[in-house]
Every structure is written in C-alpha cells, then in structure tokens.
Amino acid sequence: DVKIFDSLLITLIGISQSNRESVVEKMKKKKLFHHLIMILNEARKKGKNELISSITWAMQVALTVKTNTVTRIVEHGLIEAYEPLLLIQDTDILENVIWGYSNMVEDNLVVRELMESKQLMERVYSTIEQSSDKIFSIPILQSFVLFSNSYFNQKPNFKFQTFANHFYFCVKVFISIDAMAYSEFMVDLLTFLKFSTKVGQQSDIFDFLECQLFIPLIDKLSDLVLVTESDIADLSISVLLNLTYHDHPRLIEILNTNLLKNLYINISKDILLEDSMNLVANIAASGDEFLSSVLKSGIVTEILCRTASEESPFTHLVAKVSVLSNIFDCHPFDESFDYINEHFDLIAMIVTKLNNSLNFSMMKVIGKFLRSIFEIGYDIMITRNLSFNPISQRFSEREDLSNAIEKAQSNRSSEIYNIYKSIIEEYFPVYHQ
C-alpha cells in the first residue's frame, strides 16, 4: 500500500530530523536500505511511480549524513538502482534522483570515482538536456546545478568536454531564469558559473559560448550587479571578474552593456566596493578602448574624489588607492596623462595624506600609486622626446607634494623608506642630487 508505505517513510525521516546520523545508522544495521533498494527495483519494473517517488525522496534525505555512512548506503547498489530511473519522465522522481546523486557525491571520492566509471555525469546531462523542453521544472534544474557544483568543484581531473557541456547548459538556464523570482536557485547557478569561469581560465571557456549566448550572459550579469540580494550581486561581480581575466575579442561586448554605469552606482554608494573597483581595474586592463571607456565613465573621478575627501573608512581608502594604481598602470599613456593633468589637484590631495599617515598599508599603497603615475610621465617623456618627466615636474613645483614624499622617505620602516627612496632617485634625479 503506497499510502501506508509513504506514511511510514515520512514518520521515519521525521524522527531522524533531530538525530539523523543515529537513525540512519540503525536503518543500515536493520538492512533497511537493502530492502528499500529491492522494493525500488520492483516498483520500477511494475511502473509504480508513486512508490519510486517516496523511496527516492527518503533516500535523498537519508543521504545528507557523514561521508562514510553515505558510502556504506551506496554499497547496497543505490547508484545502479538509480540509473534506469533517469529514463522516467516524472518531475518528482528526476528531482529526487539527481538531488540524491548530488548528496552522494559531495565530499566523497569513492562515490565520485564510481560515477566516473559509469559515465553518470554524461548520462545526467543528457537526461536533463533532453527533458528540459518537455519537463521544465525549477527543482529539477536546481538539483542538476547542485550536482554539477558537488561533482566538479571537488574533482580536479574531470573530463573537460563533460564540464563544458554542463557549463553551457547552466549558462542557458541562467539567462532564462528570473533572478528575483528564484533567488535561491540563482545563487546556486552563479556559484557554479563562478567556479566554471575560474576553471575556464586554464583553457578557453569562451569557445563554449556562442555569440548569441555570450552577449545575453554579460547583459544579465551586468544587471545583477545592482540587485538588492547581496549574494546575487556579489557572485555576479565574481563571475565577471573571472571573465575579464581572459584576453578575448568578445570581451569588448562588456562596453555595450550597463556594466560600467552600474559599477559607478555601486562605488558611489559603497556597495560591494572592493569587488566593484577590482572589476573596474580588470576592465581597464583589457585594452586601450576599455581604459578609455573607464576613464570616460566617471568611475575613476568618483574614486579620486571620495579618496581625496577622506569620507571613506580607512580600509576603503587603501583599497581605492590600490585600484587607482592598477588603473593607471594600464595603457594608453597619452589618455592617462591627459586625465592626470586634468585631475591633478585631486591626485595632490591623495598624496598629501602622507603628511598625516603613519599607517604602513596606506604609505605603501600611495607609493605604488605614485610610481604608476610617474611611469606614465616617463613614457610621455620618451615618446615626446622631452628632457624631463612632466608629471615629476608638476610635483616638483608643489612644495607640499615634494615635502610629503620626503617625509615618507624618513619613515622608520625599511620597506617604506626604500619605496620612497627609489621614487626620489628614479623620478626626481635633480632633487636627489
């Protein structure tokens, strides 16, 4: 009787909520899992889908226990019993089976190797891909994404094509899902995309994104940067950070989205500040056109103004100056030079913080910032055949700036002393003599 059996399972699982490990251990000793798998096989042969759904649900819950207990449950033939269930077009069964696989494989090398030998990742992917048009179920898709996370995230030596298939499918799902309606699922998807795009740096993940997918992916990520759900926004920025580490022609599409505009809003409101600024620096480093767009977006000016005005917490000040250094390390020199000249007073306000700062991190990061802008001046001197570094010259004309650098050189820290000593020797040779 399916209803009685279902009630018994629900009662058993309900009892186990408070002490699941103990109850599952007793179930194992009573060979209950062995009997459940036998009943599962019989129910499949007789087409008893309700019974299959009940057992697979109970198994899914039971599998959320310690790794060694899961291994002993699996040894009863659970993986083999689940394989033919992938062919049943039933949303509850598919969800329970794939979720069960996810629970089996998590932190479990033995189960993972067994699944690898049976090519189960390929079979699950094939089932999901073929079923998605007929049975579109968020719980099934979520269980698939969790399975992908559990499997790939802890197995470095996976088949790349299998991984690429999962990545490609998850991108398609990600683009089509309403982030706010399914926020928990969106977090799971973004977690997988974050891992995938990081792993993809070792090969070319862009090869698995057709143009009609790449542009919507960037668009969606750009919009999610602003959402109020912090986990979604944070993960979206992380995925974009991973994507912008690649040197690929398709990255230019980022400039055709609202990304820079949205990052400007985040930075102006101190929302996910450091990640947002690091993403801006990554974009600026991607090429001349990227740097030009970043400088024109107003983001760099916003960071300069907020850093110079001392409104930010100290840790944010260090992060902001560090990002400014990274941005000014980028090419082209001419555009950066013009920008520095135009905003020189703001830059001077940041440098004069050396007069009042004894903090090691702050002095170190300002030194890095100074070196980045003096290098721009040096390159201008060489390319324009000048007899002097035009940025060093402007600093020399300001007594408050030259005094700030000299004061920093007298710091007791040998590292800080050497940073500013080398700046004076390299960029102020007359003053040094």
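Let us start with helix H12, whose buried residues (under 20% relative accessible area, with a 1.4 Å probe and protein chains only) are Phe185, Met186, Asp188, Leu189, Leu190, Phe192, Leu193, Phe195, Ser196, Thr197 and Val199. Helices here are DSSP runs of H or I with at least four residues, numbered from the N terminus. This is a predicted model, where local features need pLDDT of at least 70, side-chain atom pairs count only at pLDDT 80 or more, and totals for chains, interfaces and linings use all residues. Residues are numbered from 1 along each chain as its sequence is written, and side-chain values use heavy atoms, leaving out hydrogens and water.

How far apart are the end C-alpha atoms of H12? They are 24 Å apart, which agrees with the 24 Å that its 17 residues (183-199) should span at 1.5 Å a residue, because the expected span is 1.5 Å times one less than the number of residues.

Next, look at H10 and H11. Leu141, Phe144, Val145, Ser148 and Phe152 in H10 meet Thr162, Phe163, His166, Phe169, Cys170 and Val173 in H11, with contact meaning heavy atoms within 4.5 Å.

Leaving aside neighbours within four places in sequence, Tyr420 touches residues including Leu354, Met363 and Leu370.

Finally, find Leu243 in helix H14 (residues 230-244). Leu243 is buried, with a relative accessible area of 0%.

Terms used. Helix = DSSP H or I, 4+ residues; strand = E, 2+ residues; numbered from the N terminus. Buried < 20%, exposed > 50% of the residue type's maximum accessible area, 1.4 Å probe, protein only.
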